[in-house]
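My notes follow in the order in which I made them.

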Amino acid sequence: MASQPLDLAAVRSFENLEFLARQLVDGFITGLHQSPYHGFSVEFSEHRLYNPGESTRHLDWKVLARTDKLFVKRYEEETNLRCHILLDVSSSMYYPRPSNDKLHFSVLCAAALATLLQKQRDAVGLVTFSDKVEIQTPVRSTSTHRHTLLLQLQQLMERQAPTERGGTEVASVIHQIAQQIPKRSLVIIFSDMLGRSQQNQADTLAALQHLRHQHHEVLLFHVMDRATEADFEFAERPYVFEDVETGERVKLSPAQVREQYRAAMQRFTQELAERCGQYRIDFVPVDIREPFDRVLYAYLVKRGKVR
């Protein structure tokens with residue numbers, strides 16, 4: 001299945017994020033039917049694969065005839081998944097440029113996931129955070145609740161980048177959420193995971209381990225503009241680079257630091273990926289210049305593990 005990258009600047013021209021999210025999810029599901037991944041199909045909302053040895057009482061013979069696969073009808077109590085979407089809205093998420101940044105990409109993915117969850121009759125809640133929790137909603141499965149979530153996400157799409165500098169406190173937010181969630185849930189995080197120090201990263205990893213200790217499943221989307229943030233692809237001329245969270249500035253030419261920068265970023269992402277692997281956290285690097293389908297695929301795979 002071929003997917004086209006999203007024009008994030010064009011996305012902002014849509015006044016109705018709810019309509020856009022529905023269109024994207026419908027297109028994604030249609031693509032699943034037309035691709036080698038059709039096993040996921042729309043049947044996931046009302047069926048599960050048959051396990052050899054169990055009763056054939058609830059086999060869906062119509063689906064068998066259509067797909068040549070054995071699916072069992074799934075009932076309401078089997079379909080309830082509780083999902084918390086944590087969205088980093090700190091200053092660094094407004095990089096690289098207005099309307100075409102990590103935040104817009106993450107908001108659109110969160111909207112699509114909320115729509116997909118509601119299609120599956122699953123409960124979803126939203127948490128946005130920077131140096132503190134900004135929005136925290138209940139976790140519900142109704143269409144009215146989804147509509148409310150998407151209105152809040154729409155407002156984030158329209159919000160200007162903050163003028164005041166502010167850091168990211170992923171660790172404190174995750175610790176807070178881990179303590180508050182009463183039932184085993186799926187926690188989906190969208191963040192660039194950029195903090196002000198190595199200690200910040202260590203604290204964040206400890207917080208992720210806290211979630212797993214509480215028996216929650218975790219799916220971390222590491223959101224980046226890979227060309228500039230990982231590969232440091234800038235034209236060879238002098239730049240003034242500014243830390244969007246601290247305001248610190250440094251003047252240099254990219255060639256002066258490119259190799260050292262790439263090596264440092266590789267160490268950063270490798271350690272993050274390895275530690276997530278140790279904690280059995282699904283770590284998914286995503287590039288805002290690539291198709292968003294990677295996010296929905298990762299969610300469907302994770303959903304299969306949660307059940």
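**Entry 1: threonine 128**

I looked up threonine 128 and found that it is buried, with a relative accessible area of 0%. Buried here means under 20% relative accessible area, exposed over 50%, and partly exposed in between, with a 1.4 Å probe and protein chains only. I note that the model is predicted: local features need pLDDT of at least 70, side-chain atom pairs count only at pLDDT 80 or more, and totals for chains, interfaces and linings use all residues. Residues are numbered from 1 along each chain as its sequence is written, and side-chain values use heavy atoms, with hydrogens and water left out.

Threonine 128 belongs to strand 6. Helices (H or I, at least four residues) and strands (E, at least two) are DSSP runs, numbered from the N terminus. Which residues does threonine 128 touch, not counting residues up to four places away in sequence? I listed Leu87, Val89, Val133, Glu134, Ile135 and Leu156. Contact means heavy atoms within 4.5 Å.

I traced an open sheet of six strands, in the order 7-6-3-8-9-12, with mixed pairing. Its edge strands are strand 7 (133-136) and strand 12 (282-287), each of which pairs on one side only. From one strand to the next the twist averages 15°. Two strands pair if DSSP finds at least two bridges between them; strand 3 (residues 82-88) and strand 6 (residues 123-129) run parallel and are joined by seven bridges. One pair I checked is arginine 82 with its bridge partner in strand 6, alanine 123.

Helix 10 touches strand 9 (217-224) and strand 12, and its direction makes about 170° with that of strand 9. Helix 7 (residues 170-180) lies across strand 3, strand 6, strand 7 and strand 8 (186-191), at about 35° to strand 7. Axes are lines fitted to C-alpha atoms, for helices over the stretch in contact, and angles run from 0 to 180 degrees between N-to-C directions.

**Entry 2: helix 10**

Helix 10 (residues 254-278) has 25 residues and reaches 35 Å from its first C-alpha to its last, close to the 36 Å expected at 1.5 Å a residue. The expected span is 1.5 Å times one less than the number of residues. I found a kink of about 30° centred on glutamine 260; the bend at a residue is the angle between axes fitted to the seven residues ending there and the seven starting there. Pro254, Arg258, Met265, Phe268, Leu272 and Cys276 are buried in this helix.

Is helix 5 largely enclosed or open? I counted 16 of its 18 residues as buried, so helix 5 is largely enclosed by the rest of the structure. Arginine 121 follows helix 5 and has a positive phi, near 60°.

Leucine 113 sits in helix 5 and is buried, with a relative accessible area of 0%. Leaving aside neighbours within four places in sequence, leucine 113 is in contact with Ile85, Ile188, Phe190, Val295, Leu296 and Tyr299. Leucine 113 and arginine 22 are 91 residues apart in sequence and 9.9 Å apart in space, C-alpha to C-alpha.
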